[in-house]
Amino acid sequence: MTDAPSTGGRLSTRLAGVLPTLRLRLVVVFALVALTAAVSASGIAYWLNRDAVLTRAQNASLNDFRKAMEDNAGNLPRKLSCQELREAAAKMARSSQNYQVLLIDRAEDGKTCATASNEDDFTLADVPPQLRKAVAKKRTVDEKNKHPYHLYWQRITLDGDPYLVGGAKVVGDEPTPTGYLLKSLGPERDDLNSLAWSLGIATALALIGAMLLAQAAATTVLRPVRRLGDAARRLGEGKLETRLRVSGTDELAQLSRTFNDAAASLEQRVAELSAREASSRRFVADMSHELRTPMTAISAVTEVLEEEQENLDPMIAPAVQLVVSETRRLNDLVENLMEVTRFDAGTAKLVLDDVDVADQVTACIDARAWLDAVELDADRGIMAQLDPRRLDVILANLIGNALKHGGSPVRVSVRTRRREDGAGVAGGGDELVIEVADQGPGIPEDVLPHVFDRFYKASASRPRSEGSGLGLSIAMENAHIHGGEITAHNAPDGERGAVFTLRLPRDARRIAEERESGDGHADEHADEGGSDPGGDARRSDGRDQEGGR
Amino acid sequence: MARVPFLLLIEDDDAVRTALEMGLTRQGHRVVTAASGEDGLKLLREQRPDLIVLDVMLPGIDGFEVCRRIRRTDQLPIILLTARSDDIDVVVGLESGADDYVVKPVQGRVLDARIRAVMRRGERESNDSATFGSLVIDRSAMTVTKNGEDLQLTPTELRLLLELSRRPGQALSRQQLLRLVWEHDYLGDSRLVDACVQRLRAKVEDVPSSPTLIRTVRGVGYRLDVPQ
């Protein structure tokens, strides 16, 4: 939508930027529509009215004036005095139309005489020059134009008040008098003003009404939208049984119905998938479990065979040796497979203890007779809260892998580091960093991303040496369950070998608690009872602590 | 020369039973076997073995139940043979009174080492006694009395108490205790210690839920306190 090239898209994007909520947008659009409609309707009404009112007033005055001119000015004697002219003007002004009159004529003494019905209010100066010019202009008489002089009018403003000024020259033998009228349009203006006010108020009311309407519309539209949003969020949180109540047949009801259908099919799909996954996991778990019983018998007997090797026929001894070694390998494989299935099923649990990390690393190396092949760089006294068995599994796999592929000496270093992102519970911000570096050729770049994959073989042609192909992936899972991580990279230039870096939180208690509270659903597979040793022990620990102080 | 340990092996799978019997016999143990929990309990009464190796998955009454029934009357060492090392099994096993556990497929050498370690726990070593409040530990007779009454402790519980009582007031870490009591050379399961401490508290403390003798030292382990 945002990168749609259409102007409409860009416009709506910009609109969305300025008006972030749908409600606001609806209100604004409704208001704009109402405003446009009301303003144009009022405007048209006002102009029509204004025209009608003014024209009527004008016409009445002008007709009256014309008649008065004909009746009075037309009948004036050729030679008249200014006084007579004034009387004529006063007579004309006495009309019902209530205007003032100015008459101009050449008096008997040859001077031009301009007299008004009320000379204080109306003088020749009030008449615009172009009107005077138009009135005085003599036209040629032909078929279309029957009179040499016409009646002209103009609307003017004097001292802020609107007036109508009209003028005409009496047709006849020259010189004929010229008459002007001045009519106040004040009453009309007042009428029009009050009309404008009413129209303005009506517009404002329409605007408010439209906004209220928009609010109501937004509410009716947005309530289902919000319900839909809530439902979608719940669905996203994994509550697949979420459904909407469908009422009505409008588009939103249709949308709700579509949502419900989607949720239902999603739920069904997820149920199918998890059933399939559970059954395949159960299969692997059952299978490795079933393998254990015969493996136990075979292992026990194999040891008997191994001890008897010297006494065996030299022809048979190598066969026995092979059985013994392969049995051990198979044993490891089953062992690792079991471990993996526990992680997959989510039944793997942390058994935490306070341990001295250097001691643990030493014990791990010592137990596997690796003391000569490993250089350990670790200070004693680095205490950590972790699962010692799992740490041992991680270390054994990392060091074993290093010895196998990189050759000795393998360097193991233990450090602690403050974690930058450490949202610290007491001591929880600290991180344990254990590096295992070998002296080998390093790991090819294309293999590096896959070293933790299960059963990953660097090349199809290269036979997998002893080792189940699960070691590093199990090490990784064991780090994850602690809330830690293992990364692999090659040593920087100038040095040889691969470096595996294990990062573990120094205090895994918080992780363990989160796991226990968080994976309730995973525990469904972990069958009966559900008594929780770690939890119990920890709880009683806490109680002891209080009692001890 | 210690006498030849006499073991009762309760295991329903014929092949496993035969193979383990063969292996254990070669390690110098005397072994009787039973194919079910009921048979095992009968043999226990008749033959009085020194130690029981008990499979968890048994037809009829399972290993945990056998364990519980044995503990009602006897304090002899029990080693669980668990096919699933699923943590829940281990925990239930330890709660029902087992002294140690091994996970199938088990190597005969490991099982032998565990058996010998468990057997050694009952051996006396010094001839003194210690008193902790109402609790009297007689190291020569290998008995513990509370308010003059004999306490029925398994060898493991007794050894745990002895190790703690040898360093009164000093905290011992779970890993230390695993080495001292269980002789797990390294990386033992600390839940063994926790479970055993719980069982021991149930027997020696006045109020097991608020212990005054065997105290938890947070971040370290356990210590035995001398009451004031």
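Q: How do I read the packing of helix H2 and helix H3 of chain B?
A: Two packed helices are described by the angle between their axes and the distance between the axes. In this predicted model, H2 (residues 37-47) and H3 (residues 63-73) of chain B pack at about 25°, axes 10 Å apart. Axes are lines fitted to C-alpha atoms, for helices over the stretch in contact, and angles run from 0 to 180 degrees between N-to-C directions. Helices (H or I, at least four residues) and strands (E, at least two) are DSSP runs, numbered from the N terminus. So H2(B) and H3(B) are roughly parallel (angles under 35 degrees).

Q: Which residues meet there?
A: Contact takes C-beta atoms, placed from the backbone, within 7 Å. B:Gly37, B:Gly40, B:Leu41 and B:Leu44 of H2(B) meet B:Glu65, B:Val66, B:Arg69 and B:Ile70 of H3(B).

Q: What about the sheet: in what order do the strands run?
A: Strands pair if DSSP finds at least two bridges between them. Here five strands of chain B make an open, parallel sheet, ordered S2-S1-S3-S4-S5. S2 (30-34) and S5 (100-103) are its edge strands, each pairing on one side only. S1 (residues 6-10) and S2(B) share five bridges, with B:Ile10 opposite B:Ala34.

Q: Which strands does H2(B) touch?
A: H2(B) packs on S1, S2 and S3 (51-55) of chain B, its direction making about 165° with that of S1(B). Helix H5 (residues 108-120) of chain B lies across S1, S3, S4 (78-82) and S5, at about 180° to S5(B).

Q: How are residues and chains labelled?
A: Residues count from 1 along each chain as its sequence is written, with chains lettered from A in the order in which they are written. Local features need pLDDT of at least 70 in this predicted model.

Key:
Predicted model: local features only at pLDDT ≥ 70, side-chain atom pairs only at ≥ 80, totals over all residues. Parallel < 35°, antiparallel > 145°, perpendicular 65-115°, else oblique. Contact = placed C-beta atoms within 7 Å.
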